[in-house]
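Please go through the points below with the structure open beside you. They are meant as reading notes, one topic to each point.

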Amino acid sequence: YEIAIAPTLRQVDELQARDRDWSTANSAIFGNPRLGESSKPFLPGAEREATQVCRLLGCGHLFLGDAVTVNAFERYVPTAHLVHYAGHAEFNPVHPAASALFLTDHAKERTHYSQQEISSLMVRHAWLVVLSACRSATKVGVHYEGSRSLAETFSEGGVRFVVGSLTDVNDTTADLIFTSFYDEVQKGVSPVQALRRAQLTMIAKGEPPDAWAEYVILETVNV
């Protein structure tokens with residue numbers, strides 16, 4: 001089923017006033033950040049996924065491994081029209097605001113890029129953000145004040161479409177579903193329909209539910 005998330009009135013004003021470039025050319029793609037001594041495992045599938053997505057879109061900016069830095073994220077995400085992140089995320093059910101994406105920060109020797117930092121990025125140009133990362137669309141509860149997922153953080157910032165995962169991401173198959181997803185997007189299909197078609201394609205190929213069922217898409221619509 002397709003579910004549309006209605007924004008606040010402030011967001012409606014911003015979205016109506018903002019011209020969108022629906023291009024996929026100005027894309028920022030991030031895959032498999034190196035996390036040093038972190039307990040998070042290496043993600044070869046995420047690196048393969050990011051490379052394939054970049055090849056498919058003809059993206060201008062691809063960052064892999066050690067290049068997936070805080071500096072690169074903060075420099076290119078605010079101006080990109082499409083952002084794809086394939087890596088680790090952490091959902092904190094006790095302190096949702098502490099949920100984070102994982103990036104490489106050589107200067108500060110940290111890896112968490114918090115929800116609060118994402119909120120301050122001022123992502124003004126992106127129409128699509130894909131977070132191919134574990135539990136990037138998970139939140140504590142619908143009515144819990146102040147609780148929001150990492151995906152919702154981008155959505156509330158004005159990004160029209162945000163894809164995230166409700167559970168853990170299968171690193172060995174994520175590239176398959178997103179190759180299918182972007183094939184559809186490149187044809188001019190709405191990302192909402194593109195994700196649905198990609199999931200149906202995975203089902204038709206006999207892929208198990210953990211290869212496709214975890215993904216959801218948030219759409220911020222004009223009302």
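This is a predicted model: local features need pLDDT of at least 70, side-chain atom pairs count only at pLDDT 80 or more; totals for chains, interfaces and linings use all residues.

1. Strand β1 covers residues 27-31. Are its residues buried or exposed? Five of the five are buried, and the strand is mostly covered. The cover is found on both faces: Ser27, Ile29 and Gly31 lie on one side, Ala28 and Phe30 on the other. A residue counts as buried when its relative accessible area is under 20%.

2. β1 also pairs with β2, in the parallel sense and over four bridges. Two places to look are Ala28, which stands opposite His61 in β2, and Gly31, whose bridge partner in β2 is Leu64. Strands of a sheet pair through backbone hydrogen bonds, either parallel or antiparallel.

3. Step back to the whole sheet. It is open, has six strands in the order β2-β1-β3-β7-β8-β9, and its pairing is mixed. Which strands stand at the edges? They are β2 (61-64) and β9 (215-219); each has a single partner strand, so one side of each is left without a neighbour in the sheet. From one strand to the next, the twist averages 10°.

4. Helix α6 (residues 174-186) lies across β3, β7, β8 (161-165) and β9, and runs at about 165° to β7.

5. Helix α6 also meets helix α7 (residues 191-204). Two packed helices are described by the angle between their axes and the distance between the axes. Here the axes come within 8 Å and cross at roughly 135°. That makes α6 oblique to α7, and the crossing is right-handed. On the α6 side the residues involved include Leu176, Ile177 and Phe181; those on the α7 side include Ala194, Leu195 and Ala198.

6. Strand β5 (residues 100-105) is the next item. Six of its six residues are buried, so β5 is largely enclosed by the rest of the structure. Ala100, Phe102 and Thr104 point one way, while Leu101, Leu103 and Asp105 point the other way. β5 runs antiparallel to strand β4 (residues 89-90), and two bridges join them. Within this pair, Ala89 stands opposite Leu101.

7. In soluble globular proteins, nonpolar side chains tend to be buried together. In this model the largest nonpolar core has 32 residues, and Phe30, Phe73 and Phe154 are those with the most contacts inside it. At least two core residues come from each of β1, α3 (70-76), β3, β5, β7 and α5. The largest share, four residues, is supplied by α3.

8. Leaving out residues up to four places away in sequence, Phe30 touches residues including Ala50, Phe63, Phe73, Val83 and Tyr85.

9. Most residues other than glycine have a negative phi, and most peptide bonds are trans. Asn32 is not a glycine, yet it has a positive phi of about 55°. Where is Asn32 found? It is in the loop between β1 and α2. Asn32 counts as buried, at 1% relative accessibility.

10. Arg135 likewise has a positive phi of about 55° although it is not a glycine. Arg135 lies in the loop between β7 and α5 (150-156). Is Arg135 buried or partly exposed? With a relative accessible area of 34%, Arg135 is partly exposed. Beyond its neighbours within four places in sequence, Arg135 is in contact with Phe91, Ser165, Leu166, Thr167 and Asp168. Arg135 and Ala89 are 46 residues apart in sequence, but their C-alpha atoms are 6.9 Å apart in space.

Methods:
Residues are numbered from 1 along each chain as its sequence is written. Side-chain values use heavy atoms; hydrogens and water are left out. Buried means under 20% relative accessible area, exposed over 50%, partly exposed in between (1.4 Å probe, protein chains only). Two strands pair if DSSP finds at least two bridges between them. Axes are lines fitted to C-alpha atoms, for helices over the stretch in contact, and angles run from 0 to 180 degrees between N-to-C directions. Contact means heavy atoms within 4.5 Å. A nonpolar core is a set of buried Ala, Val, Leu, Ile, Met, Phe, Trp, Tyr and Cys residues joined through side-chain atoms within 4.5 Å. Angles under 35 degrees count as roughly parallel, over 145 as roughly antiparallel, 65 to 115 as roughly perpendicular and the rest as oblique. A crossing is left-handed if the near helix is turned anticlockwise from the far one by less than a right angle, and right-handed if clockwise.
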